[in-house]
Amino acid sequence: MSIIPVIDFSKLYGEERAQTLAQISKGCEEWGFFQLVNHGIPVELLERVKKVGGECFKLEREEVFNKSSAVNLLNELMESNKNGKVENVDWEDVFLLTDDNNNQWPSNTPQFKETMKEYRSEVKKLAERVMEVMDENLGLSKGYIKKAFNNNNNDAFFGTKVSHYPPCPYPEKVNGLRAHTDAGGVILLFQDDQVDGLQILKDGQWIDVPPIPNAIVINTGDQIEVLSNGKYKSVWHRVLSKPDGNRRSIASFYNPSLKATISPAPELLILEEKKVDQLIATYPTFVFGNYMNVYNEQKFLPKEPRFQAVAAI
């Protein structure tokens, strides 16, 4: 049975550095997903994040979710006694936190804003350390990915999606979150300690990403696939609805600036065998904002046509 790699990030700074680099390289190349333990984010902070996250859902989000289209459509389906599933919705409560001063922070949950600001600062630093490891493993200069994402203006997008997947009375009838790949760069997920449900697609099989207390799950998005010229792949993943437990999922995205031009790194272009000295880029060059326009229309559809569509813009 395949098991998603679990990597001790602290060993990157000791005698096992080479081995740890190799483990991360394998995680990126063969999986697109891996879990980091001993990643440097204080456990005490993570415990506070769990606390305010759970309180926020109970105090400010649960009532909203119970009136959501997902709940209403599921109730309608069951009352109609029809077969099939609820389509085009997810059994998920979600809101987004960004660096924007206009953030709509939950207002009735004590310490939520202070705790999540501190967490976002820590997880952003971890994201940049992970990207530097990717730089090194890919043979790129230190800071290459960060510079590409920031468009030389330090304006990369860093967002945090706070989600809960409440217990579902008919989990076979609705998706927790429909299968997709992530549009952006590097994603860092702080998932529930106990309630599972996250799965990735590997070799045609759906594989569980098991909960590990206080681990951070790393996955690579579509833009890392492009920058690496396909050496690293963004991977299809989904969340199953569950009859028991309220699954917490706090996913942070280090994405390019919408104005950033994304293309395969020149060092990673492939030498075309039939034409001597001609280097080939497997992916197009495009502006990330244009890619997002395509992605927002095609998120749950096959990935390759998105690259074709943005190449034509």
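Predicted model: local features only at pLDDT ≥ 70, side-chain atom pairs only at ≥ 80, totals over all residues.
View 1. Since six of the six residues of strand 6 (residues 186-191) are buried, the strand is largely enclosed by the rest of the structure.

**View 2. Strand 6 next to strand 9.** Here strand 6 pairs with strand 9 (residues 216-220) in the antiparallel sense, over four bridges. Which residue of strand 9 is the bridge partner of Leu 189? Look for Val 217.

**View 3. Strand 6 next to strand 11.** Strand 11 (residues 247-255) also pairs with strand 6 in the antiparallel sense, this time over six bridges. Pick out Leu 188 and you'll find its bridge partner in strand 11, Ser 252.

**View 4. Stepping back to the protein as a whole.** Count up the secondary structure and you get eight helices and 15 strands. The radius of gyration is 20 Å, close to the 20 Å that the globule rule gives for 313 residues, so the protein is as compact as a globular protein of that length. Its C-alpha atoms fill a box of roughly 65 × 45 × 45 Å along the principal axes. Of the 313 residues, 50% count as buried. Among contacts between residues at least 6 apart in sequence, 80% join residues at least 24 apart.

Methods: Residues numbered from 1 in each chain as written. Heavy atoms only, no water. Buried < 20%, exposed > 50% of the residue type's maximum accessible area, 1.4 Å probe, protein only. Helix = DSSP H or I, 4+ residues; strand = E, 2+ residues; numbered from the N terminus. Pairing = 2+ DSSP bridges. Rg over C-alpha atoms; globule rule 2.2 N^0.38 Å. Contact = heavy atoms within 4.5 Å.
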